[in-house]
Amino acid sequence: MTETAASSLALTLRENLRTFRIASWLGWQIESNWADPIVFLIFSILRPMAAALIIVVMYQVIAGGVRDDFFEYLFLSNAFFVLVTQALAGMSWTIFDDRENYKMLKYVYTSPARKFAYLIGRAVGKIGIGILTTLLLLAVGILFLHVRMDVRTIEWGWLSVYFVLGVIILVSLGMVLAGVSLVIARHGEFIGEVTAGSLLLVSSAYFPPDILPIGLKQLSLAVPVTYWLEAMRRSLMGGVLTTTFNGARVPLSPYLAIFSNVDLLLILTISAVVCSIGSYYFFSWVEQRAKEKGMIDRVTGY
Amino acid sequence: MYNRSVHQRVVHFLRAANGRAYPRIWGLSREPSWVFFDVLVPLLNTTAFVFLYRAMHAPESYVGFVVLGATLSAYWLNCVWMMGTQLHWDKREGLLELYVLAPVSMMALLWGMAIGGFYQATLRAVAIVLVLSIAFGVHFDLMQWPMELAIFSITMLALYGLGMALSSVFLMWGREAWQLALALHEPAFFLTGLNFPLSKLLSSLPGFFTFISAIIPISFGLDALRQLMFPGEIAGVLSPMQEVLVLCGLAVFFVVLAIFALRRMEWLARVQARLSLRWQ
């Protein structure tokens, strides 16, 4: 009996891995094969690079030649926020794309493909582009914009752990949005952008949560992405970012500075576990609802 | 051979334009959730930029610059997505074949799209400007409103002329159209100085980028409007009157370009059998 259960588990795992692998390949082809690699690379980094330049110019216009840690805060947050947008908008877009554009979602459902693994696999291409863009932005920041990041002070261990936990959280949140896209008739293509836009405001990507009005500040401190961005900034810069106030160095965000690295690890680990389990059950539930209501092959023409 | 009089041609053109504008105008009232989604995204993004300026202790006029920039961005996005890519979408949905079969001018359809799209974008822009002005206490100087209205109108004419020209170019493309439309977001926001004074940007960019910035109508339109609505708070690239002249030139250029580009691209699309080609 135990042997049968183990064999069944191995089969399930193998099926999931196979679906994941093929969906990743498919996602990558859809993302990339519309142009030759150079054009594709240019188009992939054009938007995030321009977004980074916008905030760099905004900073330079106000700060002039004066530089403090706030520039690093801004630049690093923006570089990692690319991944947030790619994961959230990418996964919800997958449903819309497959259902409305290529009209193949119903065929995926009639195949033996594992749907959860399929969706994650389809998002791999976008997340891969997101990671590449983040790395390119960091390189541009260090080489041309003098972002003060020292390879010797980077906390590689924390960085690796935080990064993996962050990706799990983002993929899980993306899966929730994909589930929502499955059961709404209209605007499915906007959900990822709206959520990423909301997170841009409340995750303290561009400014410390301390300056937000009280309601938004509490909301900011309830969002895992806030802690993830802080964790990425801290591990890359080798500590809490500071600014000068009344001649003394104080943390840029006193609210976030009270969390130690271990606190951040705990918060992100709990968030990752809750988000991944929650998203799995949520997606399974909405998927069932979509089947019951005949929404899998619906084309709204939007 | 059946020959129509000029009067008949004009009436036919206007009826076709009206027919294409109709679903865009009335569709909004039938599905108001469009407005919610169209307004929410720019509101959230703009609010983030406002808080960024506040975190940097920028002068309050910069909040006004950002709000005005967000207002005009509604028209830019409408121009890219509801004009530029529209014929591409229509092709994918199978509507383009019907347009070509119908005895109407494609230019009339483009004008209809532009009028309907302008109406949609205006609803969005009004909502953005109202909400953000009230939320952040932005004060616009409207003492020179006839001039401001004239600048806005000429900017819109040039912008939608550009949109019409883009739609014919997008007609030829497959999935690249989507990528190109996306690439016209942040890079255009950057080059038009949507979130900061244009003069600060152009003074530090190579000439090629200045040229690209100058041919996007939003750049000089926004710069001129900022100079008039926030007097003494911003140094313009040119004087408002000079910028109006550039915008007039752009308006004529883009509308004429749209007429020729549409003819050329439609012909090419027929020759290469792309009018009904989907999913390529």
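Let me start with a term: helices are DSSP runs of H or I with at least four residues, strands are DSSP runs of E with at least two, and both are numbered from the N terminus. With that in hand, chain A reads α-α-α-α-α-α-α-α-α-β-β-α-α along the sequence. That is 11 helices and two strands.

Some housekeeping. This is a predicted model, in which local features need pLDDT of at least 70 and side-chain atom pairs count only at pLDDT 80 or more, while totals for chains, interfaces and linings use all residues. Residues are numbered from 1 along each chain as its sequence is written, and chains are lettered from A and ligands numbered from 1 in the order in which they are written.

Chain A overall, then. How compact is chain A? The radius of gyration is taken over C-alpha atoms, and the globule rule is 2.2 Å times the number of residues to the power 0.38. Chain A comes out at 21 Å, close to the 19 Å that the rule gives for 302 residues, so chain A is as compact as a globular protein of that length. Its C-alpha trace spans about 65 × 50 × 40 Å along the principal axes.

Next, burial. A residue is buried if 20 or more other C-beta atoms lie within 10 Å of its own, exposed if 12 or fewer, and partly exposed in between, with C-beta atoms placed from the backbone. In chain A, 42% of the 302 residues count as buried.

Contacts now. Two residues are in contact if their C-beta atoms, placed from the backbone, lie within 7 Å. Take the contacts in chain A between residues at least 6 apart in sequence: 83% of them join residues at least 24 apart.

One helix pair in chain A. Axes are lines fitted to C-alpha atoms, for helices over the stretch in contact, and angles run from 0 to 180 degrees between N-to-C directions. Helix H1 (residues 2–32) of chain A packs on helix H5 (residues 115–144) of chain A at about 40 degrees, with the axes 7 Å apart. Angles under 35 degrees count as roughly parallel, over 145 as roughly antiparallel, 65 to 115 as roughly perpendicular and the rest as oblique. H1(A) and H5(A) are therefore oblique to each other.

What is the hand of the crossing where H1(A) passes H5(A)? A crossing is left-handed if the near helix is turned anticlockwise from the far one by less than a right angle, and right-handed if clockwise. This one is right-handed. The contact includes A:Phe20 and A:Trp28 of H1(A), and A:Tyr118 and A:Ile129 of H5(A).

A word on classes. Ala, Val, Leu, Ile, Met, Phe, Trp, Tyr, Cys and Pro count as nonpolar, Asp, Glu, Lys and Arg as charged, and the others, Gly among them, as polar. The contact of H1(A) with H5(A) has 10 nonpolar, seven polar and four charged residues.

On to chain B. Chain B has 13 helices and zero strands. The C-alpha trace of chain B spans about 70 × 40 × 40 Å along its principal axes. Of the 280 residues, 44% count as buried.

Keep an eye on H6 of chain B. Helix H1 (residues 6–30) of chain B packs against helix H6 (residues 106–136) of chain B at about 30 degrees, with the axes 7 Å apart. That makes H1(B) roughly parallel to H6(B). Their crossing is right-handed. Among the residues in contact are B:Phe13 of H1(B) and B:Trp111 of H6(B).

Helix H3 (residues 61–84) of chain B also meets H6(B): the axes come within 9 Å and cross at roughly 160 degrees. So H3(B) is roughly antiparallel to H6(B). By class, this contact divides into 15 nonpolar, five polar and one charged.

One residue in H6 of chain B is B:Val126. Is it buried, exposed or partly exposed? B:Val126 is partly exposed, with 13 other C-beta atoms within 10 Å. Its C-alpha atom is 9.5 Å from that of B:Val39, 87 residues apart along the chain.

Last stop, the interface. Here 31 residues of chain B are in contact with 31 residues of chain A. Which element gives the most to the side of chain B that touches chain A? H2(B) does, with 12 residues. By class, that side of chain B has 18 nonpolar, seven polar and six charged residues.
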